[in-house]
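Dear colleague,

Please find below the structure that I am handing over to you. My notes on what was found in it follow directly after.

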Amino acid sequence: MEGLLLSIHVLAGIVFVGGSAIAASLFPRYVPVTADVGVGSAVGDAPTQVSTETERNRAVAIALHRITRGYGLFGIVVPVVGIAAALVQGRIGEIWITVSMILTAVAGGLLALQIYPRQRDALATPDGGERLRKLSMLAGIYNLLWATVVVLMIVRPGSATA
């Protein structure tokens, strides 16, 4: 049972957490942005909004947004199975498990409460890219949290059998 739980935990982490991390990181590159080009010489004319980069693609951004959401939702398998594996192994009280669970909760909250809603807003109302810089930073923090969890899983500081 322990081997099966660990296998599911690792595979789900690779597929779902990895997929959501990549999608969240790539999203800012593809979502359309607008820039004022100063067209409209009469008083009161609004500047024309145009895409600033030809590689930006709304369809790709929408797909990445859906991947972020879907894989983020399926990613709940990772902590659930991880906790089950820790219970089966009798490791639930070890510090590295506790810290990993806290970091996982922070990463999940960041994805659900910051990254996904900001992606949705960026698709609904493109701007000049200001919001995308913050979204890129949040995706980086999300990835760093998961990288820290992986290191904790390998090093297992404070483990009885480290």
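A patch, as the term is used here, is made of residues with over 30% relative accessible area and no salt bridge, where like charges are joined within 9 Å and nonpolar side chains (Val, Leu, Ile, Met, Phe, Trp, Tyr) within 5 Å. A salt bridge is a side-chain nitrogen of Lys or Arg within 4 Å of a carboxyl oxygen of Asp or Glu. Accessible areas come from the Shrake-Rupley method with a 1.4 Å probe, and for residues only the protein chains shown count as cover.

The model is predicted: local features need pLDDT of at least 70, side-chain atom pairs count only at pLDDT 80 or more, and totals for chains, interfaces and linings use all residues. Residues are numbered from 1 along each chain as its sequence is written, and side-chain values use heavy atoms, with hydrogens and water left out.

Overall, the chain has 5 helices and 2 strands, in the order α-β-β-α-α-α-α along the sequence. Helices (H or I, at least four residues) and strands (E, at least two) are DSSP runs, numbered from the N terminus. Of the 162 residues, 33% are buried; buried means under 20% relative accessible area, exposed over 50%, and partly exposed in between (1.4 Å probe, protein chains only). The accessible surface of the chain is about 9200 Å², with 68% belonging to carbon and sulfur atoms.

Helix H1 covers residues 2-30 and reaches 41 Å from its first C-alpha to its last, close to the 42 Å expected (1.5 Å times one less than its number of residues). H1 bends by about 30 degrees at Gly13, the bend being the angle between axes fitted to the seven residues ending there and the seven starting there. Gly13 is also among the buried residues of H1, which include Leu5, His9 and Phe27. These buried residues pack against helices H2 (58-74), H3 (77-89), H4 (95-124) and H5 (130-155).

The nonpolar surface patch, of about 520 Å², is made by Val10, Leu11, Ile14, Val15, Ile67 and Tyr71. H1 gives the most to this patch, with 4 residues, and H1 and H2 each supply at least two. Leu11, in H1, is exposed, with a relative accessible area of 54%.

Val88, in helix H3, is partly exposed at 45%. Leaving aside neighbours within four places in sequence, Val88 is in contact (heavy atoms within 4.5 Å) with Glu2 and Leu5.

Yours sincerely
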